[in-house]
Amino acid sequence: MGTGISASAEGLHPVRVTNPGGTSPYVVVCDHASNFIPSAFADLGLQKPELERHIAWDPGAAPVARRIAATLDATLVESCISRLVIDCNRPLDAPDLISAVSETTVVPGNADLSPAARQERIDCSWQPFHDTLDTVIRERLEKGMETRLVTVHSFTPVYKGVSRPWHIGIIHDEDERIAAPLLKSLRAVPGITVGANEPYSPSDLVYFTLERHARARGLACAMVEIRNDVIADATGQARWAELIGAILPNIRLAESTGLETASREGSPHA
């Protein structure tokens, strides 16, 4: 029998839209903005310190996304529920849609879910997030507004014992209209290490939100991954938001450029 789990019952909507009337062509998305877990889930059997780690959200990503959106006068769409409840950046048939083990951490509350319990997770977070983003984009297109999607994520400096040297990675598929100029501009900045399809690539099944909402409509898009130690405080968040926010408005869309990128075997944790 279902428990009627609802984030809104606790005074929190599962998805937040900021500046819906933004004039920028960009819609900024943060799929892993929050580590909030509705009380009915009893923290999924985890201790509080675990819920502050990257397994529960993308630390630093939301403040960066908010600053970028404010700089651009862009609409911002954020998921307000932890990806441990359900990952909004995964298709419904993904094996890690609801992870029983995240990195090396066992998540007791995600083990052996019944079909009804799984559907509750979908109804609680995944469906409202994607319905809302779909509405935002559809309404813009109906008004004839140019629309581009950029998702903002963060990644841990070390994953399963492997160090990641990149400060920032730009993830993209064959549509490089945003990714190629973004990579070119970032690589011109002294002192930062930039990865193309690092530490993930679309083949790691981390590109779902963009595939569903941008690629399916032929809209230009890219995924920004920032190492979370460089955006751990307000100073770092402001620096990276300012950098990205200065590049994006100057991108003029053209055909894909054939940029050479390395598609790595990454981890499904974006």
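This is a predicted model: local features need pLDDT of at least 70, side-chain atom pairs count only at pLDDT 80 or more; totals for chains, interfaces and linings use all residues.

Residues are numbered from 1 along each chain as its sequence is written, and side-chain values use heavy atoms, with hydrogens and water left out.

**Exercise 1.** Find the order of the strands in the open sheet of 7 strands, and name its edge strands.

*Solution.* Strands are DSSP runs of E, at least two residues, and helices are runs of H or I, at least four, numbered from the N terminus. Two strands pair if DSSP finds at least two bridges between them. Reading across the sheet gives β1-β3-β2-β6-β11-β9-β10, with mixed pairing. The edges are β1 (15-18) and β10 (194-196), each pairing on one side only. Now look at one pair: β2 (residues 26-30) and β3 (residues 75-79) run in the parallel sense over 4 bridges. Within that pair, V27 has T75 of β3 as its bridge partner.

**Exercise 2.** Decide whether V77 is buried or exposed, and list what V77 touches.

*Solution.* Start by locating V77 in strand β3. Next, look for contacts, meaning heavy atoms within 4.5 Å. Leaving out residues up to four places away in sequence, V77 touches V15, R16, V17, V27, V28, V29, C30, F129, L133 and V136. Of V77 and V29, the C-alpha atoms are 4.8 Å apart, although 48 residues separate the two in sequence.

**Exercise 3.** Work out where E103 and K160 lie, and what phi each has.

*Solution.* Most residues other than glycine have a negative phi, and most peptide bonds are trans. Begin with E103, in the loop between β4 (101-102) and β5 (105-106). Phi of E103 is near 55°, a positive value, and at 14% relative accessibility E103 counts as buried. Then turn to K160, in the loop between β7 (158-159) and β8 (162-163). Phi of K160 is near 50°, also positive, but K160 is exposed, with a relative accessible area of 53%. To finish, find the cis peptide bond that joins E198 and P199, with omega of about -5°. P199 sits in the loop between β10 and α5 (208-213).

Definitions and conventions:
Buried means under 20% relative accessible area, exposed over 50%, partly exposed in between (1.4 Å probe, protein chains only).
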